[in-house]
Amino acid sequence: MRGRRRKKAIANVSRSDCGGSCRTVALDLSFQTSYRVVESRGAKMPQQKDIVKIAIQMPGAYPQLIQLDQKKPLSAVIKEVCDGWNLPGPENYALQYADGVQTYITESNRLDIKNGCILRLTKAPGRCAEDLFKGIQSLDPGVRCDSLKELASVSTDVTFAQEFISRDGHLLLVKIVEDSNESNVIMTHTLTGFMELMDHGIVSWENLSSVFIKKIASFVNAKPTDASIQQVSLDILESMVLSSHSLFLQVKQEVTMERLIAHLQVTNQQIQTKAMALLMALLQTAGDSDRQEMFAFLNKKNLRQYIYKNIIHSSGSVQDEMAHYLYVLQSVTLNHLEPRMRTPLDCYSQEQRDILHNLRQAAFETESENSLSHERRRSLCAKEFKKLGFSNNSNPGQDLVRTPPGLLALDTMFYFASRYPDAYSRFVLENSSREDKHECPFARSSIQLTLILCEILRIGEPPSETGSDYHPIFFSQDRLMEELFCVCIQLLNKTWKEMRATQEDFDKVMQVVREQITRTLSSKPTSLELFKNKVNALNYSEILKLRQTERLHQEETLAPPVLELKERLKPELLELIRQQRLNRLCQGTMFRKISSRRRQDKLWYCRLSPNHKMLHYGDVEEDMDNPPIETLQEKIPVADIKGLLTGKDCPHMKENKGKQNKEVLDLAFSITYDVEEYSLNFIAPSRTD
């Protein structure tokens with residue numbers, strides 16, 4: 001979303017899952033004997049909601065097992081822990097999750113701590129911020145590098161970020177970038193730390209100087225430079241563009257489109273993805289005139305061909321985030337047709353009337369109309385418009401008043417007649433020679449076909465935040481809409497003949513054609529020729545076979561003998577289904593973290609333990625298809641699970657009320673456990689998953 005920081009996780013494990021540091025409540029014997037228990041032995045504490053059993057670690061000391069009273073001030077808890085290790089100055093210390101995302105514990109998030117969590121005593125965020133602030137200014141390059149590397153890591157925590165920014169630490173990073181006197185490694189850490197700090201939305205992007213913006217743009221525009229620097233620089237520029245229109249104008253002025261196109265031609269997929277992300281941000285943020293200007297330039301520079309060659313046909317598979325940006329580019333480009341689709345034909349427009357008459361004249365070789373009387377000419381025109389398939393042959397423009405498809409139907413018909421005149425003439429003349437009731441009306445069919453293509457290609461719909469359903473054929477072909485129409489109008493005529501259709505069968509034929517197109521596009525053909533071959537092979541008899549198979553399947557499941565057999569086998573089938581589902585849960589599923597600003601490239605995995613007693617989950621890398629259960633640090637006892645929520649009832653959907661589209665709501669679900677405020681939140685990759 002524009003002007004807002006990207007939230008760390010919509011499809012994320014909420015902090016109610018102990019932030020990556022939960023262990024099972026049933027701590028094993030070795031754990032109990034190696035940890036110092038800070039409570040009276042033998043005295044059982046009541047199992048109250050406000051009491052949480054946790055472990056606290058510190059390097060070089062025996063861990064402590066404590067019963068945390070959630071009603072006791074956090075400062076008092078830290079003092080007791082420090083006293084247990086004889087540490088002076090408890091105000092210099094803080095608690096932090098031990099693994100996973102090592103978030104600081106604060107009064108606002110402490111209720112997320114669950115039984116079995118492991119925390120560690122560490123430097124207070126203020127003290128850590130002060131130490132790094134000084135380290136970054138050290139004269140020793142090694143100290144500066146280490147400090148900036150640590151900063152890039154700890155800046156993901158909002159508590160630390162607030163402390164560091166309160167010391168104007170972000171301005172220190174800005175100065176390092178503006179001066180550009182550091183090595184590539186130090187500069188990468190600086191930019192990464194800056195991006196993480198800005199991500200929290202504490203400081204406005206609009207406060208940045210033009211010098212800083214020019215410097216970041218120079219990293220992107222430079223040809224021989226470090227890939228890591230370019231990657232994070234592209235990320236920073238994307239955030240700038242999405243935050244305000246004034247920054248969009250500055251970035252558009254500073255970043256050359258040639259360099260963005262060049263970044264799409266490299267073999268580094270991360271650079272390609274970040275370059276596409278910035279390009280899509282620029283296109284989506286631009287006003288209509290700016291967008292038209294940018295598209296004209298990108299078309300001139302053959303952007304489509306570069307994407308087709310270097311991304312779609314690259315040696316590696318297209319990753320989810322890149323698939324999303326390809327879908328966005330396809331959607332934004334096709335939506336250029338929306339104004340024509342929503343504009344009715346103007347019967348008083350001489351230009352539009354001329355196009356209609358050109359369609360008529362291209363189909364029928366007639367004697368010179370100038371020599372005919374007015375009445376004879378009108379009669380001839382009406383007769384030929386009727387042969388063309390217009391329902392209102394005296395005023396054919398009336399057929400194109402309905403929107404959609406409006407003028408877009410006129411455009412597609414005229415394109416077919418101009419681009420493929422022989423095929424156009426053959427279509428019209430072939431149907432003119434048939435009996436009236438068996439004629440396939442060209443104009444009526446074209447108008448309905450254009451509408452069907454608009455619906456299939458979703459012209460006029462804004463791109464979804466999570467969509468990734470792009471068509472490779474889009475990047476293989478200029479003027480996809482028109483070229484698809486030219487293939488499909490000939491397919492329609494072929495299907496009409498195969499069905500031996502009459503005028504009464506018009507809607508039935510259009511349903512079959514829609515199915516032919518949809519099924520073929522779902523197979524993701526990579527070229528127009530491949531689409532043409534596949535869609536023509538899927539003839540009416542093939543469609544009937546597919547429908548018959550589906551119908552037989554339905555009939556079989558409803559037949560009385562089948563129902564009787566089903567009842568007899570039901571217990572066995574249910575057990576088989578149960579085992580299959582358990583096996584699938586044990587195998588696990590990869591989930592993607594999705595932000596409200598844009599798609600993220602971070603992943604996490606969730607799976608059931610082999611003994612079916614624990615849910616294991618944790619962050620994973622993209623190349624890990626089936627991570628070992630030992631690598632998933634976080635756990636939830638199945639016995640603690642209270643319920644399953646879906647859609648708008650999920651906590652992460654309620655938190656973002658009004659900002660989620662139906663697609664995301666349909667894929668959202670949450671597991672609630674222990675007590676109601678704890679939940680594990682998911683957004684499934686698909687409805688099947």
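This passage describes the overall make-up of a predicted protein model and then a number of its local features.

The model is predicted, and local features were taken only at pLDDT of at least 70, side-chain atom pairs only at pLDDT 80 or more, whereas totals for chains, interfaces and linings use all residues. Residues are numbered from 1 along each chain as its sequence is written, and side-chain values use heavy atoms, with hydrogens and water left out.

The secondary structure of the protein consists of 29 helices and twelve strands; helices (H or I, at least four residues) and strands (E, at least two) are DSSP runs, numbered from the N terminus. Of the 689 residues in the protein, 49% are buried, where buried means under 20% relative accessible area, exposed over 50%, and partly exposed in between (1.4 Å probe, protein chains only). The accessible surface comes to about 34200 Å², and carbon and sulfur atoms account for 50% of it; these areas come from the Shrake-Rupley method with a 1.4 Å probe, and for residues only the protein chains shown count as cover. When contacts (heavy atoms within 4.5 Å) between residues at least 6 apart in sequence are considered, 68% join residues at least 24 apart.

Helix 4 spans residues 141-154 and contains alanine 152. Alanine 152 has a relative accessible area of 13% and is therefore buried. The C-alpha atoms of alanine 152 and histidine 189 are 5.9 Å apart, although 37 residues separate the two in sequence. Apart from neighbours within four places in sequence, alanine 152 is in contact with His189, Thr192, Gly193 and Glu196. Threonine 188 belongs to helix 7 (residues 184-198) and is likewise buried, at a relative accessible area of 14%. With neighbours within four places in sequence again left aside, the contacts of threonine 188 are Asp226, Ser228 and Ile229.

Helix 19 (residues 407-419) packs against helix 20 (residues 421-432) at an angle of about 110°, and their axes are 5 Å apart. Axes are lines fitted to C-alpha atoms, for helices over the stretch in contact, and angles run from 0 to 180 degrees between N-to-C directions. The two helices are therefore roughly perpendicular to each other, given that angles of 65 to 115 degrees are classed this way, those under 35 as roughly parallel, those over 145 as roughly antiparallel and the rest as oblique. Helix 19 contributes Phe416, Ala417, Ser418 and Arg419 to the contact, and helix 20 contributes Pro421, Ala423 and Tyr424. These residues divide into five nonpolar, one polar and one charged; Ala, Val, Leu, Ile, Met, Phe, Trp, Tyr, Cys and Pro count as nonpolar, Asp, Glu, Lys and Arg as charged, and the others, Gly among them, as polar.

Serine 446 lies in helix 21 (residues 442-456). Its relative accessible area is 0%, so serine 446 is buried. Beyond neighbours within four places in sequence, serine 446 is in contact with Met413, Phe485 and Ile489.

Positive phi values in residues other than glycine include those of arginine 479, near 50°, and histidine 612, near 65°. Arginine 479 is in the loop between helix 22 (472-476) and helix 23 (480-498). Histidine 612 is in the loop between strand 7 (599-608) and strand 8, and with 32% relative accessibility it counts as partly exposed.

Strand 8 (residues 614-620) is largely enclosed by the rest of the structure, because six of its seven residues are buried. Strand 8 runs antiparallel to strand 9 (residues 634-637), to which four bridges join it; two strands pair if DSSP finds at least two bridges between them. In this pairing, leucine 615 stands opposite isoleucine 636 of strand 9. Strand 10 (residues 641-646) and strand 11 also run antiparallel and are joined by five bridges, with threonine 672 in strand 11 as the bridge partner of glycine 643. Five of the six residues of strand 11 (residues 668-673) are buried, so strand 11 is largely enclosed by the rest of the structure.
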